[in-house]
Amino acid sequence: MNLSYNSISGFEMLPWSSMNTLDLHSNLLQVPLPTPPNSTFFFLVSHNKLSGEISPLICKVSFMQILDLSHNNFGGMLPHCLGNFSKDHSVLNLRRNQFHDIIPQKFLKGNSIRTLDFNGNQLEGLVPRSLIICRELEVLDLGNNKINDTFPHWLGALPKLQVLVLRSNNFHGHIGFSKIKSPFMSLRIIDLAHNDFEGDLPEIYLRSLKATMNIDEGNMTREYMGDDIYQDSMMVTIKGSKIEFVKILNTFTTIDFSSNKFQGVILECIGNLNSLRGLNLSHNYLTGHIPLSFKILKMLESLDLSSNKLSGRIPQELTSLTFLEVLNLSQNHLTGFIPQGNQFQTFGNDSYYENPRYVDFHY
(Lines give C-alpha, C1' and ligand atoms only; values in the text may rest on other atoms or scores of the structure.)
Protein backbone atom coordinates (compact mmCIF):
# COMPACT_ATOMS: atom_id res chain seq x y z
CA MET A 1 0.00 0.00 0.00
CA ASN A 2 1.39 3.39 -1.02
CA LEU A 3 0.27 6.38 1.06
CA SER A 4 3.31 8.55 0.39
CA TYR A 5 3.20 12.30 -0.29
CA ASN A 6 0.14 13.02 1.81
CA SER A 7 -0.46 14.90 5.06
CA ILE A 8 -0.98 11.92 7.34
CA SER A 9 0.04 12.89 10.86
CA GLY A 10 -0.34 9.60 12.67
CA PHE A 11 -2.08 6.34 13.52
CA GLU A 12 -3.09 5.08 16.93
CA MET A 13 -2.38 1.71 15.41
CA LEU A 14 -1.92 0.51 11.88
CA PRO A 15 -5.39 -0.46 10.63
CA TRP A 16 -4.18 -3.36 8.54
CA SER A 17 -3.37 -6.71 10.06
CA SER A 18 -1.87 -8.20 6.93
CA MET A 19 0.12 -6.48 4.21
CA ASN A 20 3.34 -6.95 2.25
CA THR A 21 4.31 -3.37 1.49
CA LEU A 22 3.65 -0.12 3.34
CA ASP A 23 4.99 3.16 1.97
CA LEU A 24 4.34 6.17 4.21
CA HIS A 25 7.27 8.34 3.20
CA SER A 26 6.92 12.13 2.86
CA ASN A 27 4.03 12.63 5.26
CA LEU A 28 3.70 14.44 8.60
CA LEU A 29 3.97 11.45 10.93
CA GLN A 30 4.97 12.49 14.46
CA VAL A 31 3.83 9.61 16.62
CA PRO A 32 6.19 6.85 17.79
CA LEU A 33 7.10 4.42 15.02
CA PRO A 34 4.23 1.98 14.43
CA THR A 35 5.33 -1.63 14.20
CA PRO A 36 4.15 -3.13 10.90
CA PRO A 37 2.48 -6.55 10.64
CA ASN A 38 4.75 -9.57 10.63
CA SER A 39 3.95 -10.17 6.96
CA THR A 40 5.51 -6.84 5.87
CA PHE A 41 8.65 -7.04 3.75
CA PHE A 42 8.75 -3.39 2.55
CA PHE A 43 8.39 -0.62 5.18
CA LEU A 44 9.21 2.93 4.14
CA VAL A 45 8.56 5.88 6.51
CA SER A 46 11.34 8.26 5.49
CA HIS A 47 10.94 12.06 5.39
CA ASN A 48 8.53 12.37 8.28
CA LYS A 49 8.78 13.86 11.78
CA LEU A 50 8.96 10.63 13.74
CA SER A 51 10.91 10.74 16.99
CA GLY A 52 11.77 8.61 20.00
CA GLU A 53 13.58 5.29 19.98
CA ILE A 54 13.07 2.30 17.71
CA SER A 55 11.36 -0.50 19.56
CA PRO A 56 13.07 -3.91 19.44
CA LEU A 57 9.64 -5.19 18.37
CA ILE A 58 10.61 -4.17 14.83
CA CYS A 59 12.91 -7.19 14.84
CA LYS A 60 9.92 -9.50 15.15
CA VAL A 61 8.88 -8.61 11.60
CA SER A 62 10.78 -11.62 10.35
CA PHE A 63 9.92 -11.21 6.66
CA MET A 64 11.33 -7.68 6.48
CA GLN A 65 13.52 -7.02 3.45
CA ILE A 66 13.57 -3.24 3.16
CA LEU A 67 13.44 -0.91 6.17
CA ASP A 68 13.86 2.82 5.48
CA LEU A 69 13.49 5.16 8.49
CA SER A 70 15.71 7.91 7.07
CA HIS A 71 15.18 11.67 7.44
CA ASN A 72 13.30 11.65 10.74
CA ASN A 73 14.08 12.65 14.33
CA PHE A 74 14.66 9.22 15.83
CA GLY A 75 17.20 9.07 18.65
CA GLY A 76 18.58 6.83 21.34
CA MET A 77 20.41 3.56 20.88
CA LEU A 78 19.84 1.24 17.96
CA PRO A 79 18.33 -2.14 18.85
CA HIS A 80 21.15 -4.69 18.71
CA CYS A 81 18.88 -7.04 16.79
CA LEU A 82 18.69 -4.76 13.73
CA GLY A 83 21.54 -6.56 11.99
CA ASN A 84 20.38 -10.11 12.49
CA PHE A 85 16.61 -10.44 12.64
CA SER A 86 16.03 -11.61 9.06
CA LYS A 87 18.15 -13.43 6.50
CA ASP A 88 16.06 -11.74 3.81
CA HIS A 89 16.84 -8.23 5.05
CA SER A 90 18.51 -6.35 2.18
CA VAL A 91 18.19 -2.61 2.96
CA LEU A 92 18.59 -0.77 6.28
CA ASN A 93 18.47 3.00 5.80
CA LEU A 94 18.69 5.14 8.96
CA ARG A 95 20.20 8.25 7.34
CA ARG A 96 19.71 11.68 8.94
CA ASN A 97 18.43 10.86 12.39
CA GLN A 98 19.93 11.33 15.86
CA PHE A 99 20.92 7.82 16.84
CA HIS A 100 23.90 7.46 19.15
CA ASP A 101 25.97 4.72 20.77
CA ILE A 102 27.34 2.04 18.41
CA ILE A 103 26.38 0.36 15.14
CA PRO A 104 24.80 -3.08 15.62
CA GLN A 105 27.64 -5.56 15.96
CA LYS A 106 26.02 -8.83 14.87
CA PHE A 107 24.93 -9.83 11.39
CA LEU A 108 23.49 -13.17 10.38
CA LYS A 109 25.73 -15.54 8.50
CA GLY A 110 24.39 -15.92 4.97
CA ASN A 111 22.48 -12.63 5.18
CA SER A 112 21.20 -10.73 2.13
CA ILE A 113 22.11 -7.20 3.22
CA ARG A 114 22.79 -5.03 0.19
CA THR A 115 22.61 -1.50 1.63
CA LEU A 116 23.54 -0.11 5.05
CA ASP A 117 23.13 3.65 5.38
CA PHE A 118 23.81 5.22 8.78
CA ASN A 119 24.89 8.63 7.46
CA GLY A 120 24.16 11.72 9.54
CA ASN A 121 23.73 10.38 13.05
CA GLN A 122 25.92 10.45 16.19
CA LEU A 123 27.16 6.87 16.13
CA GLU A 124 30.46 6.11 17.84
CA GLY A 125 32.83 3.23 18.35
CA LEU A 126 34.35 0.98 15.70
CA VAL A 127 33.21 -0.28 12.32
CA PRO A 128 31.71 -3.72 13.13
CA ARG A 129 34.11 -6.49 12.09
CA SER A 130 31.11 -8.73 11.53
CA LEU A 131 30.38 -6.80 8.32
CA ILE A 132 32.90 -9.12 6.71
CA ILE A 133 30.17 -11.78 6.46
CA CYS A 134 27.86 -9.44 4.51
CA ARG A 135 28.90 -10.87 1.16
CA GLU A 136 26.04 -9.17 -0.73
CA LEU A 137 26.87 -5.68 0.57
CA GLU A 138 27.01 -3.05 -2.19
CA VAL A 139 26.54 0.23 -0.29
CA LEU A 140 28.08 1.11 3.10
CA ASP A 141 27.54 4.73 4.13
CA LEU A 142 28.84 5.65 7.60
CA GLY A 143 29.45 9.32 6.84
CA ASN A 144 28.87 12.19 9.27
CA ASN A 145 29.04 10.31 12.54
CA LYS A 146 31.57 10.08 15.38
CA ILE A 147 33.16 6.74 14.54
CA ASN A 148 36.71 6.49 15.90
CA ASP A 149 38.62 3.78 14.05
CA THR A 150 41.41 3.06 11.61
CA PHE A 151 40.72 2.34 7.96
CA PRO A 152 38.61 -0.86 7.69
CA HIS A 153 40.92 -2.53 5.16
CA TRP A 154 39.22 -5.88 5.69
CA LEU A 155 36.17 -4.54 3.81
CA GLY A 156 38.29 -4.96 0.68
CA ALA A 157 37.36 -8.65 0.71
CA LEU A 158 33.66 -7.91 0.06
CA PRO A 159 33.20 -8.86 -3.60
CA LYS A 160 30.20 -6.61 -4.38
CA LEU A 161 31.01 -3.44 -2.42
CA GLN A 162 30.57 -0.49 -4.78
CA VAL A 163 30.02 2.50 -2.48
CA LEU A 164 32.06 3.25 0.66
CA VAL A 165 31.44 6.53 2.48
CA LEU A 166 33.40 7.26 5.68
CA ARG A 167 33.52 11.07 5.45
CA SER A 168 33.34 13.37 8.48
CA ASN A 169 34.18 10.94 11.27
CA ASN A 170 37.22 10.37 13.46
CA PHE A 171 39.01 7.82 11.29
CA HIS A 172 42.77 8.07 11.59
CA GLY A 173 46.14 6.54 10.73
CA HIS A 174 47.69 5.13 7.57
CA ILE A 175 45.52 3.24 5.10
CA GLY A 176 48.03 1.56 2.80
CA PHE A 177 48.01 -1.86 4.44
CA SER A 178 46.16 -4.84 2.98
CA LYS A 179 46.57 -8.60 3.19
CA ILE A 180 44.16 -9.00 0.28
CA LYS A 181 45.75 -9.43 -3.14
CA SER A 182 43.23 -7.29 -5.06
CA PRO A 183 41.10 -5.35 -2.56
CA PHE A 184 37.97 -3.36 -3.39
CA MET A 185 37.67 -4.73 -6.93
CA SER A 186 34.05 -3.51 -7.31
CA LEU A 187 34.43 -0.17 -5.52
CA ARG A 188 33.66 2.87 -7.68
CA ILE A 189 32.55 5.52 -5.15
CA ILE A 190 34.89 6.11 -2.19
CA ASP A 191 34.62 9.10 0.13
CA LEU A 192 37.12 9.40 2.99
CA ALA A 193 36.97 13.20 3.27
CA HIS A 194 37.20 15.14 6.55
CA ASN A 195 38.99 12.59 8.71
CA ASP A 196 42.52 12.28 10.11
CA PHE A 197 44.03 9.79 7.68
CA GLU A 198 47.74 10.34 7.16
CA GLY A 199 50.77 9.05 5.29
CA ASP A 200 51.13 8.40 1.58
CA LEU A 201 48.15 7.89 -0.70
CA PRO A 202 47.21 4.18 -0.64
CA GLU A 203 48.74 2.82 -3.84
CA ILE A 204 47.66 -0.77 -3.20
CA TYR A 205 44.01 0.30 -3.20
CA LEU A 206 44.22 2.82 -6.02
CA ARG A 207 45.72 0.17 -8.29
CA SER A 208 42.89 -2.25 -7.48
CA LEU A 209 39.87 -0.10 -8.30
CA LYS A 210 38.99 -2.03 -11.45
CA ALA A 211 35.41 -0.73 -11.41
CA THR A 212 36.74 2.77 -12.22
CA MET A 213 38.63 1.59 -15.29
CA ASN A 214 37.59 1.10 -18.90
CA ILE A 215 33.83 1.50 -18.46
CA ASP A 216 32.35 1.10 -21.93
CA GLU A 217 29.17 3.13 -21.57
CA GLY A 218 28.26 2.61 -25.20
CA ASN A 219 27.94 -1.14 -24.74
CA MET A 220 26.46 -1.34 -21.27
CA THR A 221 22.97 -0.83 -19.95
CA ARG A 222 22.68 2.33 -17.87
CA GLU A 223 21.01 1.22 -14.67
CA TYR A 224 20.54 2.53 -11.15
CA MET A 225 21.82 0.84 -8.04
CA GLY A 226 19.14 -1.21 -6.33
CA ASP A 227 16.24 -3.12 -7.79
CA ASP A 228 12.71 -2.58 -9.05
CA ILE A 229 11.40 -2.17 -5.50
CA TYR A 230 14.01 0.09 -3.91
CA GLN A 231 16.83 2.17 -5.39
CA ASP A 232 19.74 3.59 -3.44
CA SER A 233 20.42 7.29 -2.93
CA MET A 234 23.31 9.28 -1.49
CA MET A 235 24.75 12.74 -0.98
CA VAL A 236 27.85 13.41 -3.09
CA THR A 237 30.24 16.35 -2.81
CA ILE A 238 31.46 16.99 -6.34
CA LYS A 239 32.15 20.02 -8.53
CA GLY A 240 32.42 22.10 -5.37
CA SER A 241 28.84 21.43 -4.29
CA LYS A 242 26.81 18.92 -2.32
CA ILE A 243 24.48 17.08 -4.66
CA GLU A 244 21.81 14.61 -3.60
CA PHE A 245 21.60 11.68 -5.95
CA VAL A 246 18.13 10.21 -5.49
CA LYS A 247 19.36 7.41 -7.75
CA ILE A 248 22.94 6.26 -8.34
CA LEU A 249 23.90 5.41 -11.91
CA ASN A 250 26.01 2.30 -12.35
CA THR A 251 28.48 4.35 -14.41
CA PHE A 252 29.12 7.05 -11.78
CA THR A 253 32.60 6.96 -10.20
CA THR A 254 34.33 9.34 -7.81
CA ILE A 255 37.18 9.48 -5.28
CA ASP A 256 37.23 12.03 -2.45
CA PHE A 257 40.23 11.98 -0.09
CA SER A 258 40.01 15.69 0.76
CA SER A 259 40.62 17.32 4.15
CA ASN A 260 42.93 14.70 5.64
CA LYS A 261 46.66 14.65 6.33
CA PHE A 262 47.92 12.74 3.32
CA GLN A 263 51.43 13.56 2.21
CA GLY A 264 53.92 12.55 -0.45
CA VAL A 265 53.32 12.68 -4.20
CA ILE A 266 50.17 12.17 -6.22
CA LEU A 267 50.51 8.69 -7.69
CA GLU A 268 50.84 8.21 -11.44
CA CYS A 269 48.63 5.11 -11.19
CA ILE A 270 45.58 7.32 -10.61
CA GLY A 271 45.73 7.99 -14.34
CA ASN A 272 44.74 4.36 -14.91
CA LEU A 273 41.32 5.07 -13.35
CA ASN A 274 40.18 6.36 -16.72
CA SER A 275 36.44 6.23 -15.99
CA LEU A 276 36.58 8.58 -13.00
CA ARG A 277 34.04 11.41 -13.00
CA GLY A 278 35.33 13.19 -9.91
CA LEU A 279 38.70 13.37 -8.10
CA ASN A 280 39.20 15.46 -4.95
CA LEU A 281 42.54 15.39 -3.14
CA SER A 282 42.31 18.93 -1.77
CA HIS A 283 43.32 20.15 1.70
CA ASN A 284 46.14 17.70 2.34
CA TYR A 285 49.93 17.97 2.37
CA LEU A 286 50.67 16.52 -1.05
CA THR A 287 53.88 17.53 -2.80
CA GLY A 288 55.53 17.06 -6.19
CA HIS A 289 54.04 17.63 -9.62
CA ILE A 290 50.61 17.07 -11.15
CA PRO A 291 51.02 13.67 -12.83
CA LEU A 292 51.13 13.64 -16.63
CA SER A 293 49.07 10.45 -16.45
CA PHE A 294 46.03 12.59 -15.60
CA LYS A 295 45.67 13.21 -19.33
CA ILE A 296 44.20 9.68 -19.52
CA LEU A 297 41.24 10.64 -17.30
CA LYS A 298 39.08 11.41 -20.33
CA MET A 299 35.77 11.15 -18.44
CA LEU A 300 36.80 13.47 -15.58
CA GLU A 301 34.30 16.24 -14.86
CA SER A 302 35.72 17.63 -11.61
CA LEU A 303 39.35 17.88 -10.42
CA ASP A 304 40.23 19.52 -7.09
CA LEU A 305 43.87 19.51 -5.98
CA SER A 306 43.67 22.79 -4.06
CA SER A 307 45.32 23.57 -0.71
CA ASN A 308 48.31 21.27 -1.03
CA LYS A 309 52.01 21.88 -1.67
CA LEU A 310 52.16 20.94 -5.32
CA SER A 311 54.89 22.49 -7.44
CA GLY A 312 55.98 22.68 -11.07
CA ARG A 313 53.86 23.51 -14.09
CA ILE A 314 50.27 22.75 -14.92
CA PRO A 315 50.56 20.09 -17.64
CA GLN A 316 49.44 21.31 -21.07
CA GLU A 317 48.20 17.76 -21.58
CA LEU A 318 45.26 18.41 -19.25
CA THR A 319 43.59 20.40 -22.02
CA SER A 320 42.63 17.03 -23.53
CA LEU A 321 40.12 16.53 -20.68
CA THR A 322 37.16 17.85 -22.64
CA PHE A 323 34.52 16.81 -20.05
CA LEU A 324 36.20 18.82 -17.28
CA GLU A 325 33.71 21.33 -15.86
CA VAL A 326 35.33 22.26 -12.53
CA LEU A 327 39.06 22.73 -11.87
CA ASN A 328 40.59 23.94 -8.62
CA LEU A 329 44.38 24.14 -8.35
CA SER A 330 44.44 27.10 -5.96
CA GLN A 331 46.67 27.47 -2.89
CA ASN A 332 49.65 25.45 -4.13
CA HIS A 333 53.16 26.34 -5.37
CA LEU A 334 52.52 25.94 -9.09
CA THR A 335 54.53 28.02 -11.56
CA GLY A 336 54.70 28.77 -15.27
CA PHE A 337 51.93 29.36 -17.77
CA ILE A 338 48.32 28.29 -17.58
CA PRO A 339 47.50 25.91 -20.44
CA GLN A 340 45.32 27.23 -23.24
CA GLY A 341 42.62 25.43 -25.16
CA ASN A 342 39.37 23.50 -24.76
CA GLN A 343 37.94 23.54 -21.23
CA PHE A 344 40.78 25.68 -19.86
CA GLN A 345 39.29 28.63 -21.71
CA THR A 346 36.28 28.42 -19.37
CA PHE A 347 38.14 28.47 -16.01
CA GLY A 348 38.48 31.75 -14.15
CA ASN A 349 41.24 33.01 -11.90
CA ASP A 350 39.65 31.36 -8.87
CA SER A 351 40.88 28.03 -10.25
CA TYR A 352 44.49 29.14 -9.71
CA TYR A 353 44.61 31.81 -7.00
CA GLU A 354 47.36 31.85 -4.33
CA ASN A 355 49.96 30.26 -6.53
CA PRO A 356 53.23 32.15 -7.32
CA ARG A 357 52.69 35.54 -8.91
CA TYR A 358 54.42 34.72 -12.14
CA VAL A 359 51.79 32.19 -13.12
CA ASP A 360 50.24 33.71 -16.23
CA PHE A 361 46.56 34.19 -15.28
CA HIS A 362 44.40 34.60 -18.34
CA TYR A 363 41.31 36.74 -18.58
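Predicted model: local features only at pLDDT ≥ 70, side-chain atom pairs only at ≥ 80, totals over all residues.
Me: What makes a set of points a pocket, and what makes a residue part of its lining?

Reply: On a 1 Å grid over the protein atoms alone, a pocket is an open set of points with protein on both sides within 12 Å along at least five of seven lines, where a 1.4 Å probe fits; a lining residue has an atom within 4 Å of a point. The second largest pocket holds about 240 Å³ of space. Its lining comprises 21 residues, and T237, G240, N280, S282 and D304 are the closest to its centre. The volume is the space filled by probe spheres set on the points, with grid points joined across faces, edges and corners.

Me: How do the residues of the lining of the second largest pocket divide into nonpolar, polar and charged?

Reply: The division is 5 nonpolar, 12 polar and 4 charged. Ala, Val, Leu, Ile, Met, Phe, Trp, Tyr, Cys and Pro count as nonpolar, Asp, Glu, Lys and Arg as charged, and the others, Gly among them, as polar.

Me: What volume does the largest pocket have, and which residues are the closest to its centre?

Reply: The volume of the largest pocket is about 580 Å³. It is lined by 30 residues, and the closest to its centre are H47, H71, R95, S233 and E244. Strands β15 (234-238) and β16 (241-245) each contribute at least two lining residues, and β15 has the largest share with 3. By class, this lining contains 8 nonpolar, 13 polar and 9 charged residues.

Me: How many disulfides does the rule count, and which residues does a disulfide join?

Reply: The criterion is a pair of cysteine sulfur atoms within 2.5 Å. C59 and C81 have an S to S distance of 1.9 Å and are joined by a disulfide. The count comes to 1 disulfide. C59 lies in the loop between β3 (51-52) and β4 (66-68) and C81 in the loop between β5 (73-77) and β6 (91-93), so that, at 22 residues apart, the pair links distant parts of the chain.

Me: Why is the disulfide of C59 and C81 called right-handed?

Reply: The torsion about its S-S bond is about 75°, and the disulfide is therefore right-handed.

Me: What makes C59, C134 and C269 buried?

Reply: Buried means under 20% relative accessible area, exposed over 50%, and partly exposed in between, with a 1.4 Å probe and protein chains only. C59 has 11%, C134 has 0% and C269 has 5%, so each is buried. Buried residues make up 53% of the 363 residues in the chain.

Me: Are S168 and N214 exposed or partly exposed?

Reply: S168, at 22% relative accessibility, is partly exposed, whereas N214, at 61%, is exposed. S168 lies in the loop between β11 (163-165) and β12, and N214 in the loop between α1 (203-206) and β15. S168 is a residue other than glycine with a positive phi, near 55°; N214 is likewise not glycine, and its phi is near 55°.

Me: How do you know which strands pair, and in what order do 4 strands form an open sheet?

Reply: Two strands pair if DSSP finds at least two bridges between them. The open sheet has the order β12-β14-β18-β20 with parallel pairing. Its edge strands, each pairing on one side only, are β12 (172-173) and β20. Strands β12 and β14 share 2 bridges, with H172 partnered by D196 in β14. Strand β14 (residues 196-200) pairs with β18 (residues 261-265) over 3 bridges, and D200 stands opposite Q263. A further 3 bridges join β18 to β20 (residues 285-287), where V265 has T287 as its partner.

Me: How many helices and strands are in the chain, and why is the chain called as compact as a globular protein of that length?

Reply: The chain has 1 helix and 24 strands. Its radius of gyration is 22 Å, close to the 21 Å from the globule rule for 363 residues, so the chain is as compact as a globular protein of that length. The radius is taken over C-alpha atoms, and the rule is 2.2 Å times the number of residues to the power 0.38.

Definitions and conventions
Residues numbered from 1 in each chain as written. Heavy atoms only, no water.
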